[in-house]
Amino acid sequence: MMKHSTTRKAKGTPLSPPSTPRSLIDQGLLDTLPIGVVQLDRGLQILSVNGEAARLLGYSADFCTAKPIQEICQQQPGTVGHTIAARIRESLPTRRPIQAARAILAGPAQKSHPVEWNYVFLDTAGSLDGV
């Protein structure tokens, strides 16, 4: 069961949603997965990354949160046009998933490694848009 966190301003005041977007998927569950999962909002800002995604990206999960995907997913120098962020932006109007795309990521220590990635839109009323 998912819980939606709320805040109370004063006694007797109605509950309101939190001011910052939150993941709708349980982080503890995501951290048990053997694959990297990055959750994005509609502006392609990172809402959360699981442990495996943090390892692949070369940054801590806390460091990645609230950053634009293009800032964190640095691709091998010389990659032009078909970056991960560009591919996702191209798919936004049709909301078509991206499957089995390939990229070469360059981590903070400039260690490059190939990854296969997918992007799936989530049908939510909130700020979470895809993983």
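Which side chains meet in a salt bridge at 2.8 Å, N to O? They are the side chains of Glu 116 and Arg 102. Glu 116 lies in strand 4 and Arg 102 in strand 3, so the pair ties together parts that are 14 residues apart in sequence.

This is a predicted model, in which local features need pLDDT of at least 70 and side-chain atom pairs count only at pLDDT 80 or more, while totals for chains, interfaces and linings use all residues. Residues are numbered from 1 along each chain as its sequence is written, and side-chain values use heavy atoms, with hydrogens and water left out.

**Salt bridges**

Side chains of opposite charge can pair when their charged atoms come close. Here a salt bridge is a side-chain nitrogen of Lys or Arg within 4 Å of a carboxyl oxygen of Asp or Glu. By this rule there are two salt bridges. Glu 52 forms one of them with Arg 55, and the closest N and O atoms are 2.6 Å apart. Both residues belong to helix 2 (residues 51-57); being three residues apart there, they are separated by about one helical turn. Helices (H or I, at least four residues) and strands (E, at least two) are DSSP runs, numbered from the N terminus.

| Residue | Relative accessibility | Class |
|---|---|---|
| Glu 52 | 21% | partly exposed |
| Arg 55 | 55% | exposed |
| Glu 116 | 47% | partly exposed |
| Arg 102 | 65% | exposed |

**Helix 5**

Helix 5 covers residues 84-91. Its buried residues are Ile 84, Ala 85, Ala 86, Ile 88 and Ser 91. They pack against strand 1, helix 4, strand 3 and strand 4 (112-119). Contact means heavy atoms within 4.5 Å.

Take Ile 84. It lies in helix 5 and counts as buried because its relative accessibility is 8%. Leaving aside neighbours within four places in sequence, Ile 84 is in contact with Cys 73, Gln 75, Ala 103, Leu 105 and Trp 117. Ile 84 and Ala 101 are 17 residues apart in sequence, yet 8.7 Å apart in space, C-alpha to C-alpha.

Now Ser 91. It lies in helix 5. Ser 91 counts as buried because its relative accessibility is 8%. A polar atom of its side chain lies 2.8 Å from the backbone oxygen of Ile 88. Not counting residues up to four places away in sequence, Ser 91 touches Arg 96, Ile 98 and Phe 121.

**Aromatic pairs**

A pair of aromatic rings is described by the distance of the centres and the angle of the planes. Rings of Phe, Tyr and Trp (its six-membered ring) pair if their centres lie within 6.5 Å; planes under 30 degrees apart count as stacked, over 60 as edge-to-face and the rest as tilted. The structure holds two such pairs. Tyr 59 and Phe 63 are stacked, because their ring centres are 4.9 Å apart and their planes stand at 20 degrees. Tyr 119 and Phe 121 are edge-to-face, at 4.9 Å centre to centre and 90 degrees between the planes.

Tyr 59 is partly exposed at 22%, and Phe 63 is partly exposed at 37%. Tyr 119 is buried at 2%, and Phe 121 is buried at 12%.

Lys 67 lies over its face, 4.2 Å from the ring centre. A charge sits over a ring if NZ of Lys or CZ of Arg is within 6 Å of the ring centre and within 35 degrees of the ring normal.

**Hairpin and loops**

Strand 1 (residues 38-41) and strand 2 (residues 46-49) pair in the antiparallel sense over three bridges. Two strands pair if DSSP finds at least two bridges between them. Gln 39 stands opposite Ser 48 in strand 2. Four residues lie between the strands of this hairpin, and Leu 44 takes a positive phi near 65 degrees.

Most residues other than glycine have a negative phi. Ala 66 is not a glycine, yet has a positive phi of about 75 degrees. Ala 66 is found in the loop between helix 3 (61-64) and helix 4 (69-72), and is exposed at 53%. Arg 95, also not a glycine, has a positive phi of about 60 degrees. Arg 95 lies in the loop between helix 5 and strand 3 (98-106), and is partly exposed at 37%.

Technical notes
Buried < 20%, exposed > 50% of the residue type's maximum accessible area, 1.4 Å probe, protein only. Polar contact = N/O pair within 3.5 Å; in protein donor to acceptor, adjacent residues only side chain to side chain.
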